[in-house]
Amino acid sequence: MSRTVRAYAIDATAIAAEKESAGNVEEMDITKVIHLDKLDLRDVGPDDVRFKVLAVSAEHNINHAALADTVNIADVRGGKIYPGNSALGEVVETGGNVKNVAVGDIVITHCNGEPDDYGFPLRIWAYDQPESIGWYSEEAVVGSWQLIKAPLDCGLNLWEMAALPLRAPTAYHLWRRAIGIYRVKVPVERRASINVLGFGGGVSELFLQLAKAEGHNAFFCSGSPERRAALEAQGIVGIDQKQFNRFASKDDVKAFRKHVSQITNGEDMHAVCDMLRGPVFDAGLAVAARMGVNVSAGWQLSQVVTYNSTLMSVKQVTIDHTHYETPLGCVAATELYGRVFKPTVHKEIYAFEDLPRCFAEMHDNTQTGIPIIRVADDMPESVKGLIP
Ligand SMILES: NC(=O)c1ccc[n+]([C@@H]2O[C@H](COP(=O)([O-])OP(=O)(O)OC[C@H]3O[C@@H](n4cnc5c(N)ncnc54)[C@H](OP(=O)(O)O)[C@@H]3O)[C@@H](O)[C@H]2O)c1
């Protein structure tokens with residue numbers, strides 16, 4: 001029997017109305033676009049699982065969807081999407097063929113919507129995967145292949161675990177690409193530890209935790225003092241991005257280049273995690289060491305990049321574009337919860353009803369860590385001890 005739950009939706013008519021009233025994308029109010037709706041869950045099929053959503057993390061692509069500033073995904077998907085591609089929940093019903101999880105298990109989701117022949121996503125769940133329904137809802141029905149058991153004994157609290165389902169696999173994939181590409185060019189016996197730079201944001205901080213755990217020198221260039229302090233406590237060197245005016249001019253990039261040269265004894269950065277593009281891309285390339293690698297799975301500030309191909313060839317710098325992990329890679333990334341991944345979480349845990357405000361604050365860049373929304377008031381016994 002189908003069930004009706006409360007779930008957030010983004011629809012194309014709300015986007016158009018808000019764009020019209022705001023006049024331009026910069027002035028749009030996200031809280032007027034993301035709205036609480038009703039959703040009829042599909043019946044649980046033999047390979048499906050129904051789970052109660054306990055907590056979710058906010059992801060930046062929802063802002064792209066609500067503002068339609070990259071692609072108007074709600075419009076492309078027929079006028080409406082139910083977003084949410086990172087969740088932690090409790091299994092409440094399973095289909096007859098399901099073996100990997102059981103009723104009562106605490107699970108996390110991965111958002112690889114449709115693996116290609118190599119396992120990498122052709123599309124992302126609850127974004128561009130047709131018919132996919134996201135997890136900013138009280139309950140959800142998914143294929144069991146989309147769930148991984150949450151490592152409840154990993155040492156992280158519930159909110160920290162909820163911060164990771166989307167960002168940790170992204171960081172894991174970026175890191176194995178960055179170090180793998182670097183190692184094609186420079187073997188370990190020539191340089192064991194390298195300099196690794198990440199620009200602000202949750203994915204970058206996890207990328208740097210991977211680098212640090214493997215013995216490399218890690219640097220976090222962020223405008224947020226709280227986030228820098230959290231990473232400095234883990235031995236990751238902070239660089240204040242605002243000291244360089246977020247690279248607004250060529251002189252700012254020059255000053256940043258000089259600073260990086262000083263703190264790396266003239267060696268610069270062998271691996272850079274960008275995620276933002278725009279002015280950050282130019283700054284990242286400016287500090288690339290010979291044989292360096294620049295990786296990104298994001299385009300928050302710009303979708304288009306330009307660079308001097310000759311210079312990059314002469315320096316043997318590789319610019320690599322990535323997207324998201326394979327389902328197996330997501331499982332591997334989950335093994336590193338708590339051992340390597342220790343995310344910073346924003347100081348407010350948002351109530352379900354406050355989810356639109358959470359996204360507005362993400363847009364305003366006022367959060368001090370990864371934002372978490374508590375969806376369930378009533379938590380299962382198995383996680384009660386994990387709530388700080
Ligand atoms: N392909 C994928 O699988 C995937 C997965 C996750 C994220 N992403 C994309 O990657 C990007 C980053 O995501 P995230 O989750 O790591 O970030 P996040 O935790 O949401 O943080 C975004 C960061 O952007 C920085 N920022 C905001 N405005 C900026 C500006 N004008 N100049 C420079 N930095 C600015 C802020 O850093 P500071 O203020 O600290 O400097 C902020 O911490 C997003 O575009 C997201 O959509 C892609």
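Please keep in mind that the model is predicted.

Let us start with two helices, α8 and α9. Helix α8 covers residues 250-263 and helix α9 covers residues 279-286; their axes come within 9 Å and cross at roughly 40°. An angle between 35 and 65 degrees counts as oblique, and α8 and α9 are therefore oblique to each other. The crossing in which α8 passes α9 is right-handed. On the α8 side, the contact is made by V253, F256 and R257, while α9 brings D282, A283 and A286. Sorted by class, this contact of α8 with α9 holds four nonpolar residues, two charged ones and no polar ones.

Next comes the sheet. Three strands form an open sheet in the order β2-β1-β4, and their pairing is antiparallel. Because β2 (34-40) and β4 (80-81) stand at the edges, each with a single partner strand, one side of each is left without a neighbour in the sheet. Strand β1 (residues 4-11) joins β4 over two bridges in the antiparallel sense. I10 has I81 in β4 as its bridge partner.

Finally, we turn to the ligand. Around the ligand lie 28 residues, and the closest are G200, G201, G202, G298 and Q300. Which helix gives the largest share of the shell? That is α6, with three residues. The helices below each supply at least two residues of this shell.

| Helix | Residues |
|---|---|
| α2 | 60-67 |
| α5 | 167-185 |
| α6 | 202-213 |

By class, the shell around the ligand has 15 polar, 10 nonpolar and three charged residues.

Definitions and conventions. Residues numbered from 1 in each chain as written. Predicted model: local features only at pLDDT ≥ 70, side-chain atom pairs only at ≥ 80, totals over all residues. Axes fitted to C-alpha atoms, helices over the stretch in contact; angles between N-to-C directions. Helix = DSSP H or I, 4+ residues; strand = E, 2+ residues; numbered from the N terminus. Parallel < 35°, antiparallel > 145°, perpendicular 65-115°, else oblique. Left-handed = near helix turned anticlockwise from the far one by under 90°. Contact = placed C-beta atoms within 7 Å. Nonpolar A, V, L, I, M, F, W, Y, C, P; charged D, E, K, R; others polar. Pairing = 2+ DSSP bridges. Near = placed C-beta within 6 Å.
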